[in-house]
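Visitor: I would like to go through this model with you, starting with the overall fold and then moving to particular residues. Could you show it first?

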Amino acid sequence: MLVRESLQVYFIMGSNNCRGEPLQVVEQALKGGITMFQFREKGSGAKTGKEKHSLAIKLKQLCNHYGVPFIVNDDVDLAVDIGADGVHVGQDDEPLASVKQRCPKSFIIGVSATNSTEAVQAFQAGADYIGAGPVFPTSTKQDAKLPIGLAGLEEINRLTGETPVTAIGGIHTDNAADAIKAGADGVSVISAISQAESPQQAAQLLNKLTAKKR
Ligand SMILES: Cc1ncsc1CCOP(=O)(O)O
Ligand SMILES: C=C1C=NC(C)=NC1=N
Ligand SMILES: [Mg+2]
């Protein structure tokens with residue numbers, strides 16, 4: 001499966017992002033058609049240690065069952081230890097080169113970019129995909145940078161050649177198609193699915209809105 005296609009509807013979540021049971025929310029999202037999942041256990045109320053480890057394993061098994069790539073945010077050791085499909089690292093995390101050394105060859109390694117400079121650096125360092133944003137205002141990530149807007153997203157897509165790009169930050173059903181029009185290969189969402197009345201329906205709708213015209 002090509003990373004670019006897997007990026008279409010990239011659901012990101014930690015236990016502290018959802019109202020219900022994390023496993024139920026993620027299973028609903030998988031049924032709704034998310035194409036990639038990222039375990040991001042971070043921020044106030046996030047689990048740590050053994051609790052985090054065992055939730056990661058359960059979520060990975062769920063994703064494996066649905067044939068959807070399971071990515072771990074930040075925690076490279078956890079990702080390698082439980083046999084995830086990849087890891088996502090931010091700018092202030094370990095540099096891509098050293099992360100690559102510690103991961104299996106098959107790993108998908110994604111990098112965050114909050115502006116064009118960071119995006120070009122990630123592209124040059126050989127990231128498998130770039131998470132560009134925040135595109136719109138978001139209250140989910142406390143320390144999110146200034147939104148780059150659709151113009152900023154367009155510029156990042158122009159500068160990063162063939163590296164797949166996912167748009168993140170304040171993405172909902174009313175702006176997901178705009179992100180694709182701006183050149184993103186897919187959208188990454190937390191609250192649009194994790195806070196939805198029906199995560200399954202939210203995932204289904206986002207999948208429709210981001211499907212590339214053949
Ligand atoms: C992790 C992250 N990185 C940039 S914005 C963001 C939070 C996205 O959350 P939401 O989809 O609820 O706006
Ligand atoms: C900060 C992030 C940016 N982009 C993606 C895809 N995931 C993240 N955790
Ligand atoms: Mg591109």
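Guide: The discussion below takes up the strands, then the helices, then a few individual residues. Please keep in mind that this is a predicted model.

Visitor: Understood. How many strands close into the barrel, and in what order?
Guide: Eight strands form the closed barrel, in the order β1-β2-β3-β4-β5-β6-β7-β8, and their pairing is parallel. From one strand to the next, the twist averages 25°.

Visitor: How many bridges join β2 to β3?
Guide: Strand β2, residues 36–39, is joined to strand β3, residues 70–73, by three bridges, and the two run parallel.

Visitor: Which residues of β6 are buried on each side?
Guide: Tyr129 and Gly131 are buried on one side, and Ile130 and Ala132 are buried on the other, so that both faces of β6 are covered. As a general point, side chains in a regular strand alternate between the two faces of the sheet.

Visitor: Moving to the helices: which strands does α7 lie across?
Guide: Helix α7, residues 149–159, lies across β6 (129–132) and β7 (165–168). Relative to β7, helix α7 runs at about 165°.

Visitor: How do α6 and α7 cross?
Guide: The axis of helix α6, residues 116–125, comes within 9 Å of the axis of α7, and the two cross at roughly 25°. An angle under 35 degrees counts as roughly parallel, so α6 is roughly parallel to α7. Their crossing is right-handed.

Visitor: Which residues make that contact?
Guide: On α6 they are Ser116, Ala119, Val120 and Phe123, and on α7 they are Glu155, Ile156 and Leu159. By class, five of the residues in the contact of α6 with α7 are nonpolar, one is polar and one is charged.

Visitor: Now α2 and α3. What are the distance and angle between their axes?
Guide: The axes of helix α2 (residues 22–32) and helix α3 (residues 49–66) come within 10 Å and cross at roughly 20°. The two helices are therefore roughly parallel to each other. Here α2 passes α3 in a right-handed crossing.

Visitor: Which residues are involved there?
Guide: Helix α2 contributes Pro22, Leu23, Val26, Glu27, Leu30 and Lys31, while α3 contributes Leu55, Lys58, Leu59, Leu62, Cys63 and Tyr66. That contact of α2 with α3 has nine nonpolar residues, no polar ones and three charged ones.

Visitor: Staying with α3, is Ser54 buried or partly exposed?
Guide: Ser54, which is found in helix α3, counts as partly exposed because its relative accessibility is 32%. The C-alpha atoms of Ser54 and Ile82 are 9.6 Å apart in space, and the two residues are 28 apart in sequence.

Visitor: A change of topic, to backbone geometry. Which peptide bond is cis?
Guide: The bond from Gly133 to Pro134 is cis, with omega near 10°. Pro134 lies in the loop between β6 and α7.

Visitor: And which residue has a positive phi although it is not a glycine?
Guide: That residue is Asp74, with a phi of about 65°. Asp74 sits in the loop between β3 and α4 (76–82). Its relative accessible area is 23%, so Asp74 is partly exposed.

How values were computed. Residues numbered from 1 in each chain as written. Chains lettered and ligands numbered in written order. Predicted model: local features only at pLDDT ≥ 70, side-chain atom pairs only at ≥ 80, totals over all residues. Heavy atoms only, no water. Pairing = 2+ DSSP bridges. Helix = DSSP H or I, 4+ residues; strand = E, 2+ residues; numbered from the N terminus. Axes fitted to C-alpha atoms, helices over the stretch in contact; angles between N-to-C directions. Contact = heavy atoms within 4.5 Å. Parallel < 35°, antiparallel > 145°, perpendicular 65-115°, else oblique. Left-handed = near helix turned anticlockwise from the far one by under 90°. Nonpolar A, V, L, I, M, F, W, Y, C, P; charged D, E, K, R; others polar. Buried < 20%, exposed > 50% of the residue type's maximum accessible area, 1.4 Å probe, protein only.
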